[in-house]
Amino acid sequence: MKIHQIYTDNELRNFNYFIELNNKSAYVIDPWDAKSVTNFISDNCLKLTAIINTHEHWDHVRGNQALVDLHHCEVWAHANGKGKIPGLSRLLLNNETIDIADNVSIEVLDTPGHSHAHLCFIVKVDGNPHCIFSGDILFNAGVGNCHNGGDVLDLYKTIKNKISTLSDEVIVYPGHDYLENNLKFTLDREPSNLLAKKWLDKYKQSDIYTNPLITTIADERNINTFLRLDNKEIINNLPKKIQSEKEVFINLRELRNSW
Ligand SMILES: [Zn+2]
């Protein structure tokens with residue numbers, strides 16, 4: 001099994017991903033552009049089995065219909081995406097495990113907050129979590145917004161109960177590249193965060209087209225403000241006196257909205 005991360009070079013900075021299996025079948029996550037997906041599939045002699053959508057927003061389903069027409073592939077997504085996700089053919093359930101090869105499976109997590117039709121997908125190899133396709137719930141060093149059908153309390157619960165509980169080694173594959181801005185927000189809230197500074201330097205030297213930076217959940221615990229809700233510096237820098245983690249999260253999300 002191989003995972004390919006593709007930067008789509010549009011102004012929203014979307015990432016697309018392919019899961020390539022040894023038998024040459026492939027899955028694409030959130031296809032931006034049918035033509036480039038099709039080129040990738042044919043260049044690598046693959047067969048497109050299914051599109052997997054993290055959620056219904058247009059920039060995540062933009063390539064669906066043309067790919068279904070061309071490849072006759074399935075489309076897997078959240079039941080709440082019905083009527084919004086082109087070609088939707090399989091409604092996925094929370095905690096469902098889908099075996100896609102002898103030793104590779106996908107675990108489905110219902111992850112509301114950014115929208116009510118949002119799923120994250122954990123790819124497991126030999127039963128061990130390898131990576132998460134986190135859509136617009138978890139970004140590198142940040143979390144998604146709640147502007148288009150989302151809910152900040154749902155987002156808090158999803159991050160607390162389903163994301164921050166993942167094991168350290170899980171690789172994060174988000175829906176967009178917002179790493180630079182997110183690190184700057186982290187440093188705005190927590191100026192003494194040396195690891196965030198290091199990641200920002202690394203980001204500036206990296207090439208998103210050939211080798212995008214990837215983080216793990218362990219990295220996220222260090223550089224993602226939204227996973228550091230008990231950090232004294234972050235709490236003390238908030239404009240209001242706040243005690244509970246939930247309020248810290250909501251306040252940080254508000255600050256990030258206008259930052
Ligand atoms: Zn979205």
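Author: Start with pairing: two strands pair if DSSP finds at least two bridges between them. Helices (H or I, at least four residues) and strands (E, at least two) are DSSP runs, numbered from the N terminus. This is a predicted model, in which local features need pLDDT of at least 70 and side-chain atom pairs count only at pLDDT 80 or more, while totals for chains, interfaces and linings use all residues. Residues are numbered from 1 along each chain as its sequence is written.

Reader: In what sense do E5 and strand E6 pair, and over how many bridges?

Author: E5 and strand E6 (residues 90–92) pair in the parallel sense over 3 bridges. Trp-76 stands opposite Arg-90 in E6, and His-78 has Leu-92 of E6 as its bridge partner. Strand E4 (residues 47–52) is also joined to E5 by 3 bridges, and these two run parallel. There, Ala-50 stands opposite Glu-74 in E5.

Reader: Where do side chains point in a strand?

Author: In a regular strand the side chains alternate between the two faces of the sheet.

Reader: How is burial judged, and is strand E5 mostly covered or uncovered?

Author: A residue is buried if 20 or more other C-beta atoms lie within 10 Å of its own, exposed if 12 or fewer, and partly exposed in between, with C-beta atoms placed from the backbone. Strand E5 (residues 74–78) is mostly covered, with 4 of its 5 residues buried. Ile-41, in helix H1 (residues 34–43), counts as buried because it has 21 C-beta neighbours inside 10 Å. Lys-157, found in helix H4, is partly exposed because 16 other C-beta atoms lie within 10 Å.

Reader: What is in contact with Ile-41, leaving aside its neighbours within four places in sequence?

Author: Two residues are in contact if their C-beta atoms, placed from the backbone, lie within 7 Å. With neighbours within four places in sequence left aside, Ile-41 is in contact with Ala-26, Leu-46 and Leu-48.

Reader: Which residues of the largest nonpolar core touch the most other members?

Author: A nonpolar core is a set of buried Ala, Val, Leu, Ile, Met, Phe, Trp, Tyr and Cys residues joined through C-beta atoms within 7 Å. The largest one has 60 residues, of which Tyr-27, Val-28, Val-75, Phe-121 and Ile-132 touch the most other members. Apart from neighbours within four places in sequence, the contacts of Ile-132 are Cys-120, Phe-121, Ile-122, Leu-166, Val-170, Val-172 and Tyr-173.

Reader: What is the strand order in the sheet that begins with E7?

Author: This open sheet of 6 strands runs E7-E8-E9-E10-E13-E14, with mixed pairing. E7 and strand E14 (215–216) are the edge strands, and each pairs on one side only. Strand E7 (residues 97–101) and strand E8 (residues 104–110) pair in the antiparallel sense over 4 bridges, and they form a hairpin with 2 residues between them. Strand E10 (residues 128–135) runs parallel to strand E13 (residues 171–174), joined by 4 bridges.

Reader: How are two packed helices described?

Author: They are described by the angle between their axes and the distance between the axes. Helix H4 (residues 152–163) and helix H9 (residues 245–257) pack at an angle of about 120°, with axes 10 Å apart. H4 is therefore oblique to H9: angles under 35 degrees count as roughly parallel, over 145 as roughly antiparallel, 65 to 115 as roughly perpendicular and the rest as oblique. Val-152, Leu-155 and Tyr-156 in H4 meet Lys-246, Phe-249, Ile-250 and Arg-253 in H9.

Reader: At what angle do helix H5 and helix H6 cross?

Author: The axes of helix H5 (residues 179–189) and helix H6 (residues 194–205) cross at roughly 155° and come within 9 Å. That makes H5 roughly antiparallel to H6.

Methods: Axes are lines fitted to C-alpha atoms, for helices over the stretch in contact, and angles run from 0 to 180 degrees between N-to-C directions.
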